[in-house]
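Dear colleague,

I am handing over the structure we spoke about, and I would be grateful if you could look through it alongside the notes below.

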Amino acid sequence: MYKQELMFIVESILASNTVDEHIECAQKLSCFYKKKTMLAISADNEILVKGGVALSSSGAADCVDDYLRTVFFIKGIHKALTKLCTDFPERSINILYAGCGPYATLILPLLPLFDKERINAVLLDINAESIVAVQQLLAVIGLEDYQLQLIETDAITYTKPEGFTIDLAISETMHYALTREPQVAIMRNLMKQLTPDAILIPEEIRIDLAYTFFNHEPYLNNTSYEVKGYKKMQPYPKNVFVDRLFTINKEHLGRENHNSKLESRFYTLPADFSNQPDVCIFTEIKVFGDIELKTAESYITNPYCVVSMYNLIGYSGIQLVYDYCEIPQWTYNLALKE
Ligand SMILES: C[S@@+](CC[C@H](N)C(=O)[O-])C[C@H]1O[C@@H](n2cnc3c(N)ncnc32)[C@H](O)[C@@H]1O
């Protein structure tokens, strides 16, 4: 019964075309998970790993309510899986999903659309409770006969089994501007284990530097009364794009020769910054193909303010530094005025 209902919801997600439709079907998915399955999940089991913070089970569950994120990732993964099924009609498709959370939101709803013989998936999460929750969900929904392996492990150090050639790797373990959560450390580990033909989702993450008025930029607040997914504000018209700091995709992760630190070059700080007082990071995500999340269309593409130029009087240049050795964060170095 639940399998049919889930299939109906995921079909509406795939057919949705407008923001209103995206929100409506994502809300149905959220209700399905939260009310129908009646899982009890903890809010106090956040885990600190070398590379970022793994959200608590309830924090990870709540990601389903980042509506455009959820809809665009499900659409992108469906597109990728359909392509792989066409490219390899004779065999099952090997999926690695790193950081599945308690709902396995980005793959579980799609299962009823594919024959169980076509899917062979490994689902990882560092949070034991999230793994148990996925196991329970599969039983409640009636998806236990799919070939899914659930593993409690750290996806930053995980090594895939020999003989398991990954066709599709998925990980959404990110916070805006790639801060806080271990997306980069996880992607780096997955990338090493992919063949050139494999698909990585998200396909690309682009990180840009801009000088702007942070308070005038669109921002999606994490408040339950806000209609999530709506971009109520327009981009600030005097925003000045400075540079693309780095791009992460299957082929490369920023500059190749780095340990866990990415350093930009020095950029000139403008003499008159009254219209653009803030040094900010913007994130865009290419989920797969033409499916993209732009600024503030989701929490994970919200802009991030590194520093106000009012605090940098006396300096002429700034270098941005992204470090994901522990909890990922942005810092900066300054060049003094001559
Ligand atoms: C942002 S939530 C996303 C949950 C779900 N995939 C979704 O998209 O709705 C990230 C999930 O990744 C897990 N995670 C974070 N770091 C991890 C790591 N190093 N190894 C395994 N799982 C990790 C967290 O426990 C959490 O369940």
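What follows is a short account of the salt bridges and the pockets.

Please keep in mind throughout that this is a predicted model.

Salt bridges

The structure holds 18 salt bridges, and I describe some of them here.

One of these joins the side chains of Lys 83 and Asp 87, with a distance of 2.6 Å from N to O. Both residues belong to helix H4, which runs over residues 67-87, and they sit 4 residues apart, or about one turn of the helix. Lys 83 has a relative accessibility of 40% and therefore counts as partly exposed, and Asp 87, at 40% relative accessibility, also counts as partly exposed.

A further group involves Arg 206, which forms a salt bridge with Glu 204, where the closest N and O atoms are 3.0 Å apart. Glu 204 and Arg 206 are both buried, and for Arg 206 the relative accessibility is 10%. Arg 206 also forms a salt bridge with Glu 284, the closest N and O atoms again being 3.0 Å apart. Because Arg 206 lies in strand S8 (residues 204-212) and Glu 284 in strand S11 (residues 278-288), this pair ties together parts that are 78 residues apart in sequence.

The largest pocket has a volume of about 770 Å³, and its lining is made up of 49 residues, with Leu 55, Gly 59, Ala 60, Cys 63 and Glu 181 lying nearest its centre. Two or more lining residues come from each of strand S2 (52-54), helix H3 (57-62), strand S3 (93-98) and strand S4 (119-125), and H3 gives the most, with 4 residues. Sorted by class, this lining has 25 nonpolar, 14 polar and 10 charged residues.

The second largest pocket holds about 200 Å³ of space and is lined by 11 residues, of which Asp 208, Asn 239, Phe 282, Glu 284 and Thr 295 lie nearest its centre. Strands S8 and S11 each supply at least two residues of the lining, which by class has 5 nonpolar, 2 polar and 4 charged residues.

With best wishes

Methods. Residues numbered from 1 in each chain as written. Predicted model: local features only at pLDDT ≥ 70, side-chain atom pairs only at ≥ 80, totals over all residues. Heavy atoms only, no water. Salt bridge = Lys/Arg side-chain N within 4 Å of Asp/Glu carboxyl O. Buried < 20%, exposed > 50% of the residue type's maximum accessible area, 1.4 Å probe, protein only. 1 Å grid on protein atoms, 1.4 Å probe; cavity = no way out; pocket = protein on both sides within 12 Å on 5 of 7 lines; lining within 4 Å. Points joined across faces, edges and corners; volume = space filled by probe spheres on them. Nonpolar A, V, L, I, M, F, W, Y, C, P; charged D, E, K, R; others polar.
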